[in-house]
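Dear colleague,

What I found is set out below the structure.

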Amino acid sequence: MLFNTTHFFIFLAVVLALFYSSPRVLRRYILLAASYFFYGTWNYKFIILLLTLTAIDYTAGLWLERIPAGPRRKAVLIMSLTANLGFLGFFKYFNFLAANVALAMGKPAHSLFWDIVLPLGISFHTFQSMSYVVDVYRGQQKAVRNVIDYALYICFFPQLVAGPIVRARNFFPDLWNWRAPSSGDVSRGLFLVALGLTKKMAFADQFAKVANNYFGNLAGNPGVVTAWSGVVAFGLQIYFDFSGYTDMAIGMALLLGFHFPVNFRRPYLASSITDFWRRWHISLSTWLRDYLYIPLGGNRHGRWKTYRNLMLTMLLGGLWHGASWNFMIWGGYHGALLSVERLLRGDRPVSERWTWLYPLQAVVTFGLVMIGWVFFRAADLPQSLQVIRQLFGGPRGHLLLEPWHIGLAVVALLLAIAEEKLDWFERLMDAPVIAYASAMAVMLFVLEIFGVIDVRIPFIYFQF
Amino acid sequence: MSPCPEPVKSAAPIGRPRGRFAPVLACLLAVAGVFGLDALLFRTGLYTAWLQPDSSTGLFEMILRREQRSQEKAGNNLVLTLGNSRFGYSRKVIDQLPVKPLYTFRDAGVAGTTPRSWYYMLREIDPTVRRYRAVVLGVDDYDDEDRYYNPSNDVRDLHYVIARLRLGDVPEFAQSFTDADLRWAVWRGGLLKGIIFQSDILEFLTNPLKRIAYVELCRQGFAGWSYDFLDSTRSMTGLQIDWSTYKITFPPGTDEDQRDSVSSWLAHGPEPQTGRLAAFRRAWFGRIIDRYQGSPTRVIFMRLPRGPIPRPDGLVKKRSASIREMAARPNVVLAPEHVFDALERPELFKDGMHLNREGINRFSVMLAAETARILGPPEHDTGQAKACPTGGACFSLPRQDKR
């Protein structure tokens, strides 16, 4: 049940109706049942996996709180992390490993494959679960006593399959001190759901058609301009797709009285790669920072170890996205760029101040990020290299984007700049009803005219 | 590149406190706004005047407007023909007959349409139901044979008539589709027409000036082009079908489209007879006939030449004959079933279902003659004609000579 389907909106309407018409004591049960139903519509068998991980980490949390510091406590933590990473590793990375072992043995890559179905959203809910256990271990989070509450934290349907990765310290206060959403929150929630849907169907899916056309037929689409337009189309697709999903998730959570953290902050306006990662998939980048980069030593042990830690973090971040060398290279590419930036910048903090140089820096950063997306989107390494070659050499080619694609991108850019400088979203939420309604109407009209309706293009991050 | 207004995590409402129902009111206003914008663009002709003429909607509109315009100068003895691509004839051939034809033929047929589209075409062309002496409907058979093709679920009808679909039409139009997904698509598209026009709009936005120039060109030339159009001279001479095995022997040089049309239209086994075609015909021909009830306009059904080699009569046990049933209604006439049988020869067809140029020429002459024979000589309407809102004159000559 994709977020951009009629079925999902019927489901959401039913959940909201049941939620608000039920006594408070029943509401968390309704959300839990709805979340398992939502997950089950994809593959009900994997609810067992979800329940197993929930049980393991719920129990681990309780143990960790009871056991005093020492090896036993550490053993519980390791057991929990092993279980999470074990499931994640098996479902997500087994065949990748098997393919490389087979190739090393001189056999065909597929010869050792197992027929494994990747459970939906496993990368997200395992990371969310692990963050809880680690926080309890560190004493930053109290163990949750009520198993229903914990299960809901893991499987809450708005963010179950593609995040944002919500920390326990953000989720449980909303659950335990639940208050009916204010009219401001409802306005925000409704607007974000509509905005997310528009981003997905009118922007991402239109750019997806261009990107799929390019990456699906490289031989038939030679040329530098062609390659750049195909790659930029994918760059725009993935942003609108993922941030659209996130907006919908945040909006739906608001309608249910929950407040999710920001996950995107206009990443393509970033002035550096460091800035980009402060704006892109923020819940993952902060997770990697808190649970990987800092435990590895962060920047506390000298320059070279900082670079090493950056590389390791980004390599693992790349691998988190998918089991392929391409994702590793994508992660490594960003790790290398971050390291180079760090080397050039030294210990000076990253500036987000808009100067006359800012547009140039943003364009360069955008270009570098686009090159990285080649590895993210291409089917395999040879195809990635072919695209890279096309980006930097060969015939001129032709623009794959139509003028209205460019129009959509320009409108989005202007809105992003306006949000960055003028905070239009908050101003709109504060504006008279007629202004809010007009903005919503225009947005929905854009969805009507540009929304890809008859072809269902899945959210990109659903595969992770 | 982000219109992304990410929310600040906040448990407390930000901004001016609003009433509890303000979000609901705002959403209702927003929905009204979307419908308003949609109506402004797509229900006023503001955009539909610039539709791509080669699209389904554009072609339908082009033909409809041509016929509306023609009413101003085409006289009073008009006969309107409606059908799909199988109802191919030449008005020019009729006009050039040595003996001046009794009636002026106008062709509102659109390739790929069904009686569902014809109903809306008629409603727009003839709002007074008095503009034409007769409406001639070309049909494949007076009996009902269910084939693989289910006209009820032909979504092309939505695309043909979308510009003319009113809000009040949407429920009935949607219900006429039997497939639930299509019904939903029709509801959606009927209420928000921009969804149906989307590909047209995107193409328009790709090069607006080119579109405008092309539409202008078509406006000026379409009537002439369609009048002077000469169909293919290719023929199916040499075609043979063994009806016991459905084995087809094609003449040399037959292309894939021709082969497909023979195998899909003619040489196929019987489909289960569920009565869906009869239901569809009763619904939409029924609506057309209802519309002309009490009108001086005659509704004439004509069975078109069935193909280069017609399917044997006993091949399918047909369970009903909806069009024969309709002959009992006042004002409805069925042309003799076998009147065009002489044209059912391979040398007069360009493929398995369409007449070629020679076939069209002969059919045009026969069509004019048969229509004149059914209607008889036109009566003088001096003093009886009155101004018609669509232009020209409406006539009011009740006729009784029904066959």
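Predicted model: local features only at pLDDT ≥ 70, side-chain atom pairs only at ≥ 80, totals over all residues.

The phi of Asp423(A) is positive, near 60 degrees, although the residue is not a glycine.

A second residue with a positive phi is found in chain B, where Tyr246(B), which is not a glycine, has a value of about 60 degrees. Tyr246(B) belongs to the loop between strand E4 (240–242) and strand E5 (247–249) of chain B, and it is partly exposed because it has 13 C-beta neighbours inside 10 Å.

Turning to chain A as a whole, you will find 18 helices and zero strands. Its C-alpha trace spans about 65 × 65 × 50 Å along the principal axes. The radius of gyration of chain A is 23 Å, which agrees with the value near 23 Å that a compact globule of 464 residues would have. Of the 464 residues of chain A, 47% count as buried, and among its contacts with a separation of 6 or more, 74% are between residues 24 or more positions apart.

Chain A is also divided into domain 1 (6–178) and domain 2 (184–271 + 351–463), and the C-alpha centres of these two domains of chain A lie 28 Å apart. Where they meet, 15 residues of domain 1 of chain A are in contact with 16 residues of domain 2 of chain A. Which helices supply at least two residues each to the side of domain 1 of chain A that touches domain 2 of chain A? They are helix H1 (6–21) and helix H7 (168–176) of chain A, and H1(A) gives the most, with three residues. By residue type, that side of domain 1 of chain A divides into 11 nonpolar, three polar and one charged.

With best wishes

Note on methods. Residues numbered from 1 in each chain as written. Chains lettered and ligands numbered in written order. Helix = DSSP H or I, 4+ residues; strand = E, 2+ residues; numbered from the N terminus. Buried ≥ 20, exposed ≤ 12 C-beta atoms within 10 Å, placed from the backbone. Rg over C-alpha atoms; globule rule 2.2 N^0.38 Å. Contact = placed C-beta atoms within 7 Å. Domains from an automatic or database assignment. Nonpolar A, V, L, I, M, F, W, Y, C, P; charged D, E, K, R; others polar.
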